[in-house]
Each structure stands twice: as structure tokens, then as C-alpha cells.
Amino acid sequence: LRAYYVTYKDERIGGNARLGISAGENDKFWFTYKFEQVNIFDVKTDASDLIKSAEGLNSISSLTTQWIEDTRDSIFFNTKSGFRYSASFEYAGGILLGDNNFTKYILDGSWYFQNFWEFVLAIHIGAGYATGFGDTPSVPFYEKFFVGGTDTVRGYGERALSPMDSSNVAIGGNFMAYGNIEQRFPIYGPFMGTLFFDFGRAWNSPTDFDIGNVTTSVGLGLRLMLGGALLIRLDYGWGFSKEAPPNGMFHFNIGNIF
């Protein structure tokens, strides 16, 4: 998997093994071991020292434990009732070896309410915290949290609501919080629509959190369900902070935002 940014490129090669254990009708525990080689390359001369210091090959060996409780009546976009909660803890490095030692804690919740005919109010909130330990007390920037764009806060560029370096390149935060509120409704056949309100940001640490700089946006979207399972997602959002394009932003993706 490769990603291209303004001052560097990121290539990831690896895999994971996953085991799930049921703990009742709606609860499940997942255990995931991941090994990944992250290559930061083609670093530009004007890149920040943080990015230059990460140049080269870095290995990540981690184990993630996740609990999920899911009572939704459908896992697709046509969900009308129920909720989904999840909490995960990732431990990387240490006794698992690898080049970086860090832990990540992520909480996520979604709720669905059928409020009129086929109209559904869907609410999603997510938060995460990461910290390093041992001889790598700083979490590598490529493992931090990034907010802004198609799957977090629409109406902004990808990663635009994350801490930036001196070159205005996103370097991620150790803490994030964001949410999405959607009013979903049928249009015709496989076509559905949504009106949304998004909010959130990533910060360097939880102590930097300030409700006054939580960025918001509004917008509308079109959904096309193919074969009962494949969802095409088109969104247009307008942000209310300086990071947002003045005329809004178009987003395209496959799969639901939550």
C-alpha cells in the first residue's frame, strides 16, 4: 500500500492474523496480530525534521484487542435501529519487538433511530489516544491520528484537521475526537440520500483539546446500493473554519462512513 504526500511517500507491506470469540448474542472479542514494514521515502529537502528523522524502513509488530457489541438490524446503509459500540487497545513493540513502542486506545459508538417512515437518524462518535513508551516515547507520526476528509469530517481536505509541521504537512496527533450526525432517507429504488453534520479534530495531546476549536461542517450526500451490499458514496460538504475550501468539497468513496 502506497500513499503520496507533499514532502514524502509512505509504503506499507505486511499482514495480520485475526481471531474472533463470541461472548453472547451481540458481543464479540477480536484479537489481531499485525506485522508491518513502513517505508518513508522520497523525502523532500524542505520536509520537517520530524519526517526526515523517520526516513527509511521501520517495522511495527502489534497486538490489538477489541470488544464489539452490535445490535443493529442491518450492517449496511439501510440500518434502521440498534447500536454498535467498540473499544480497542493496541500494544506495539515491547515484548513483541519491532522498531516502535506505542499503545493506542480507541472508542467508537453508533446509534440508529427510525424517526419517520423510512427516515433514519444516525449518530456516530469516535475518539482515540496514542502514547509511546520505553526507548521510543514519541509515537511515530505515521501511526498518529489524522482527521479531516471523506471518512471523518467532510467538507475539508484529507488530514486537514490534524497537527501540521512547518511545511503545512499533516503529522498527526496523539488524541482525536470526531462525530457524524446523518438524517438518512430513501429517494428511489437503490438510491438514498443524507443530510449530515460533522465535527472533530486531532490534537497533539488531550490537554490541547478545546471545544472552541472543534471544527464543524454540513452537507448532503447521495448513496447508491449495488447488489444489496456494495455502497457507492457521494458527499458534498461545507466547512466553517479557515481550513475549509470556500466553495465546499466533493467526496467519493465505496463503503459507508459508519
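**Entry 1**

I began with R12, which counts as buried because its relative accessibility is 17%, under the 20% cut-off. The model is a predicted one, so I read all values as computed from it. I then looked for the partner of R12 and found that its side chain meets that of E143 in a salt bridge, 3.0 Å from N to O. I noted that this pair links distant parts of the chain: R12 is in strand β2, E143 is in the loop between β7 and β8, and 131 residues separate them. E143 also counts as buried, at 4% relative accessibility.

**Entry 2: K9 and D42**

I next looked up K9, which forms a salt bridge with D42, the closest N and O atoms being 3.0 Å apart. This pair too links distant parts of the chain, with K9 in strand β2 and D42 in the loop between β3 and α1 (49-53), 33 residues apart. I recorded K9 as partly exposed, with a relative accessible area of 25%. D42 counts as partly exposed as well, at 38% relative accessibility.

**Entry 3: the salt-bridge network**

I took the count of salt bridges, which comes to 19. I noted as background that side chains of opposite charge can pair when their charged atoms come close. Which residues are linked in a network of salt bridges? I listed D151, R154, E182, R184, D198, R223, R233 and D235. Within this list I checked R184 and E182, whose side chains meet at 2.8 Å, N to O. R184 is buried, with a relative accessible area of 3%, and E182 is buried at 0%.

**Entry 4: nonpolar cores**

I turned to the largest nonpolar core, which has 26 residues. Y8, I40, I51, F141, Y142 and V147 touch the most other members. I found that β3 (27-41) and β8 (175-188) each supply at least two residues of this core. Apart from it I located another core, of five residues, including Y112, A122, I257 and F258. For I40 I listed the contacts beyond four places in sequence: Y8, K9, D10, I51, A54, E55, G56, F141 and Y142.

**Entry 5: a nonpolar surface patch**

I then examined the surface and found a nonpolar patch of about 580 Å², made by L19, I21, F29, F31, Y33, F35 and L63. The elements that give two or more residues to the patch are β2 (9-22) and β3. β3 gives the most, with four residues. I looked up F31, which is in strand β3 and is partly exposed, with a relative accessible area of 31%.

**Entry 6: G132**

I placed G132 in strand β7 (residues 119-132). Is G132 buried or exposed? I recorded it as buried, with a relative accessible area of 15%. G132 and N100 are 32 residues apart in sequence, and their C-alpha atoms are 8.1 Å apart in space. Leaving aside neighbours within four places in sequence, I found G132 in contact with N101, F102, P137 and V139.

**Entry 7: the chain as a whole**

I closed with the overall description. The C-alpha atoms fill a box of roughly 55 × 50 × 35 Å along the principal axes. I noted that 44% of the 258 residues count as buried. The chain exposes about 12900 Å², of which carbon and sulfur atoms supply 61%.

Definitions and conventions
Residues are numbered from 1 along each chain as its sequence is written. This is a predicted model: local features need pLDDT of at least 70, side-chain atom pairs count only at pLDDT 80 or more; totals for chains, interfaces and linings use all residues. Side-chain values use heavy atoms; hydrogens and water are left out. A nonpolar core is a set of buried Ala, Val, Leu, Ile, Met, Phe, Trp, Tyr and Cys residues joined through side-chain atoms within 4.5 Å. Buried means under 20% relative accessible area, exposed over 50%, partly exposed in between (1.4 Å probe, protein chains only). Contact means heavy atoms within 4.5 Å. Patches are made of residues with over 30% relative accessible area and no salt bridge: like charges are joined within 9 Å, nonpolar side chains (Val, Leu, Ile, Met, Phe, Trp, Tyr) within 5 Å. Accessible areas come from the Shrake-Rupley method with a 1.4 Å probe; for residues, only the protein chains shown count as cover. A salt bridge is a side-chain nitrogen of Lys or Arg within 4 Å of a carboxyl oxygen of Asp or Glu.
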